[in-house]
Each structure stands twice: as structure tokens, then as C-alpha cells.
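I set out to record, entry by entry, what I looked up in this structure.

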Amino acid sequence: LNTRRGTERRPPQPVCSLLQPFDPAAFNFTRLRREELLLRLHRAGSAAAPLLVAINVSPLVRGHVLLLPEAAQAQPQVLRAPALRAALEAALLSAHPGFRVGFNGLGACASVNHLHLHGLYLPFPLSVESAPADPLRPGGPALLRAAPAPAFLFFAASPAELDTVSRDVCRAAEHITDAGLAYNVFTTRGDPPRGMGAGGGRGLRVLLWARRASFGAKTGDAFNVALCELAGFLPLSAETLYHDMTEDEALNIIHQHLLPEPELLSLGEDL
């Protein structure tokens, strides 16, 4: 339950296209005050711009931050491999096992059309960390069917695989956009795709959801279906919902944004 997020957050920007260009006249993260910037993460020996870590003024939970890759370049909210790789590195840098990172795309509850990811602490396990997934093809993504929302699962067993996973996830996201669909991404420490007993140690699970695009300003009805809700964490801003909503009601809201299984499987074959 987080009532203040429902009453005090900045109104989200309206989105009307999956490829909406960056608008310098709208709010963007070049306007952050100096005191909102927490730190810069810079890889030794790299010529890449540092990853900025900033306060989220509308946090879902305590410690919810924004990860801003190359903020000065004013890129729209479209995930690119270097940005995702930087976020995956940030996840591995945290000693907290519950630190997760994620991305909401345009048409998938992104609130600001300026490239950013989320970092947040969820101090409890989620089923998406350990549920086994079915490989769609050797070397490709797997399909994680676990509730609340089926996802394409990519896995990095070690830091050496971050480049490959970042590239593959972003190529898949680009294909999803080309198909006229929106997407969300969620990263968590977790078991290999086959599950805990399949051999191999824990690594990073990167979940990619393809979904129906939703345009226009977010209404705030019930709850938004973004990266946290798809992963099984349900932040609510109204006490009545918090106390009275059933699991079936929540799943019904989530599933309204998802693809029918035949369409999802066809998309998986394409990926």
C-alpha cells in the first residue's frame, strides 16, 4: 500500500505512439536538480558515459531509484543494448539480493519519454526468480509460463554473458515494437531457465513481456500494469483495493493487457 504515490506523483506524460520522439519541451531528466542525483556509475577503462542514479520522486518502495544512461543525449524511451547492459551491471553491483532493475516501454506504462530504467528493492522472493521455463529453441529465449504473466526469459549465467543477453533482449524488443506491440523488462537474480535442479548456479534472469499497447495518459484506475505488476509485485495506492482486491480480480486486470497464447507462441517462434 502506497497512498502517497497515488495522490502526489507528477502526472504521467501522454503517449500516442510506440516510436514517439523525444520532446525537449516536456519534462525530462536533464531538468533534475543537483541534489536529486545520487551517484554516477562508470566502468573502469570504458569510454561510455556514466550511468546516473537519481532519486525517484514518486517511489513505489523505499530506495526506488532511476537509472539514467547517457541522459544528456536526450533519447526517447526505447531500450538499447548499452543501456540495458549498464543496468544489468548495476544489479550485479548491489550486495542486496532483492535489488531488481526494469524498464517500462512506450505504450507499457512509461511515465516519461526520456530513456530511463528503474532500480528498486523488493525484500522478498518472487516466483519469476525460480519457476522453470520451456526453451523455445536451443540458444534462444525460453517461455516462462508462471503467473501472473507469461514472459520471454533470457539468462546470464555470469558477467561475461551480459553483452550477449543485452543484445538479444533489445533485438527481441525491437521485433516486438515492429509488430505493433509494447513491452516491459524485469531483471532479477534467479535460477537457470530449467529451474534450480537443472544444474548450474544462479545468475541474472531478464524477463521480457510483449503486450497490447496502451496510449494516452494513465488513468490511475485500480493499478497500472507495468514491470512490477507483471513480475508479481502489486503496489496499490488505495486502501480499499489493498484490503479487498482478490487474486482473481488482479489477474483479470493484468491479463487484459496480455497476448492470447497462440499469438504469444507465434511471436516466440519469430524471436
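Entry 1. I began with D134, which is partly exposed because its relative accessible area is 37%, between the limits of 20% and 50%. I note that the model I am reading is predicted. I then looked for the partner of D134 and found a salt bridge with R145, in which the closest N and O atoms are 3.1 Å apart. This pair links distant parts of the chain, 11 residues apart. D134 belongs to strand β6 (residues 134-135), while R145 sits in the loop between β7 (142-144) and β8 (151-156). R145 is likewise partly exposed, with a relative accessible area of 44%.

**Entry 2. The pair R212 and E263.** I next asked how far apart the closest N and O atoms of R212 and E263 are. I read a distance of 2.9 Å for this salt bridge. I checked the accessibility of each partner. R212 has a relative accessible area of 34% and is partly exposed. E263, at 31%, also counts as partly exposed.

**Entry 3. The pair D163 and R85.** I turned to D163, which forms a salt bridge with R85, the closest N and O atoms being 2.4 Å apart. D163 is in helix α3 (residues 162-178) and R85 is in helix α2 (residues 81-93), so this contact joins parts that are 78 residues apart in sequence. Is R85 buried or exposed? I found R85 to be buried, because its relative accessible area is 16% and the cut-off is under 20%. D163, by contrast, is partly exposed at 46%.

Entry 4. I recorded the count for the model as 12 salt bridges.

**Entry 5. A nonpolar patch.** Finally, I looked at the surface for nonpolar side chains. L38, L39, I55 and V57 form a nonpolar patch there, with about 320 Å² of accessible area together. Of these residues I followed up I55, which is found in strand β2 (residues 51-55). I55 counts as partly exposed, because its relative accessibility is 34%.

Conventions
Residues are numbered from 1 along each chain as its sequence is written. This is a predicted model: local features need pLDDT of at least 70, side-chain atom pairs count only at pLDDT 80 or more; totals for chains, interfaces and linings use all residues. Side-chain values use heavy atoms; hydrogens and water are left out. Patches are made of residues with over 30% relative accessible area and no salt bridge: like charges are joined within 9 Å, nonpolar side chains (Val, Leu, Ile, Met, Phe, Trp, Tyr) within 5 Å. Accessible areas come from the Shrake-Rupley method with a 1.4 Å probe; for residues, only the protein chains shown count as cover. A salt bridge is a side-chain nitrogen of Lys or Arg within 4 Å of a carboxyl oxygen of Asp or Glu. Helices (H or I, at least four residues) and strands (E, at least two) are DSSP runs, numbered from the N terminus. Buried means under 20% relative accessible area, exposed over 50%, partly exposed in between (1.4 Å probe, protein chains only).
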